[in-house]
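Please read this report with the sequence and the 3D view side by side. The headings below take the topics one at a time.

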Amino acid sequence: MPTDPEWYRTFFQGIVVETWRRAIPASHTLAEADFLEQVLALAPGARVLDVPCGAGRHALALAARGYQMTGVDLSADMLDGARQEASPTGLTVEWHLADMRDLAWAGVFDAGYCFGNSFGYLDAEGSAAFLRAVSRALRPGARFALDTGSAAESVLPNLRDRDETQVGDILFIEENRYDPMRSLVETTYSFVRGGRTVTRAALHWVYTVREIQALFTSAGLRPLDLYGATDRTPFKAGSHCLTIVAEKS
Ligand SMILES: C[S@@+](CC[C@H](N)C(=O)[O-])C[C@H]1O[C@@H](n2cnc3c(N)ncnc32)[C@H](O)[C@@H]1O
């Protein structure tokens, strides 16, 4: 059965949220927060948009450093996770349940970011709508950073048919197929625990770095730098992740 093009509406629930929250070490999130602080040139107390924020790992790390954080996500389970993470810390973040293409703000944020490989879920039209919504929410001169593992120069040289990772008591299996006619990676994820398996399917649209930059430029976001890792290594073909840093024109 073909994967629902709007798979992301129901994918991020239950065991997927649990696996994502447990899979990423705190040290990795802190390194990303350091990177974001630098490349976004955050002034003390800056107002920053995290979209999509998931369970709020970056928003909370940056709120702890004194930034005014707003997190947007389409998954109620992810936002419940964010509230649970925030609760013992006493940190304040504004959490909003909304689609990343439908942001309610105009010209208010000093910076923004889309992190955790959350780009590529939408086709070109949807991705353009997302970047336009981000651009509208930022004030002129504000910076925006986006990371993705789905740039063609990353995903095609590194794509594996199958991968397995153990996350605590959950065995996480990923099976990938690439459709060159549509430049699309179709993935079946299986989550196995205690003899029970949950299977979910996802699609990632593959764009070249040039195509992503064109989407940014059309949305009024001028690309400044391309990185291949949070230590600010320049991006090159085969880098596992692309981070593009841009400025609102
Ligand atoms: C891989 S997670 C990354 C979350 C977070 N940025 C992080 O790094 O932990 C992707 C997130 O994108 C959200 N998402 C997917 N499609 C969305 C959409 N159309 N609008 C808003 N959020 C969306 C999911 O609910 C999920 O929380």
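Is the crossing of H2 and H5 left-handed or right-handed? The crossing of H2 and H5 is right-handed, where a crossing counts as left-handed if the near helix is turned anticlockwise from the far one by less than a right angle, and as right-handed if clockwise. Helices (H or I, at least four residues) and strands (E, at least two) are DSSP runs, numbered from the N terminus.

Two packed helices are described by the angle between their axes and the distance between the axes. Helix H2 covers residues 15-23 and helix H5 covers residues 76-86, and their axes come within 9 Å and cross at roughly 40°; these axes are lines fitted to C-alpha atoms, for helices over the stretch in contact, with angles running from 0 to 180 degrees between N-to-C directions. H2 and H5 are therefore oblique to each other, since angles under 35 degrees count as roughly parallel, over 145 as roughly antiparallel, 65 to 115 as roughly perpendicular and the rest as oblique.

## How the model was treated

This is a predicted model, in which local features need pLDDT of at least 70 and side-chain atom pairs count only at pLDDT 80 or more, while totals for chains, interfaces and linings use all residues. Residues are numbered from 1 along each chain as its sequence is written, and side-chain values use heavy atoms, with hydrogens and water left out.

## Around the ligand

The side chain of Trp20 has an N or O atom 2.8 Å from an oxygen atom of the ligand. A nitrogen atom of the ligand lies 3.3 Å from a polar side-chain atom of Asp99, and a backbone N or O atom of Met100 is 2.7 Å from a nitrogen atom of the ligand. Taken alone the ligand exposes 600 Å², of which the protein buries 98%, with accessible areas coming from the Shrake-Rupley method with a 1.4 Å probe.

Ala41, which is not a glycine, has a positive phi of about 50°, and its place is in the loop between helix H3 (26-39) and E1. Asn117, also not a glycine, has a positive phi of about 60° and lies in the loop between strand E4 (109-114) and helix H6 (124-137).

Methods. Polar contact = N/O pair within 3.5 Å; in protein donor to acceptor, adjacent residues only side chain to side chain.
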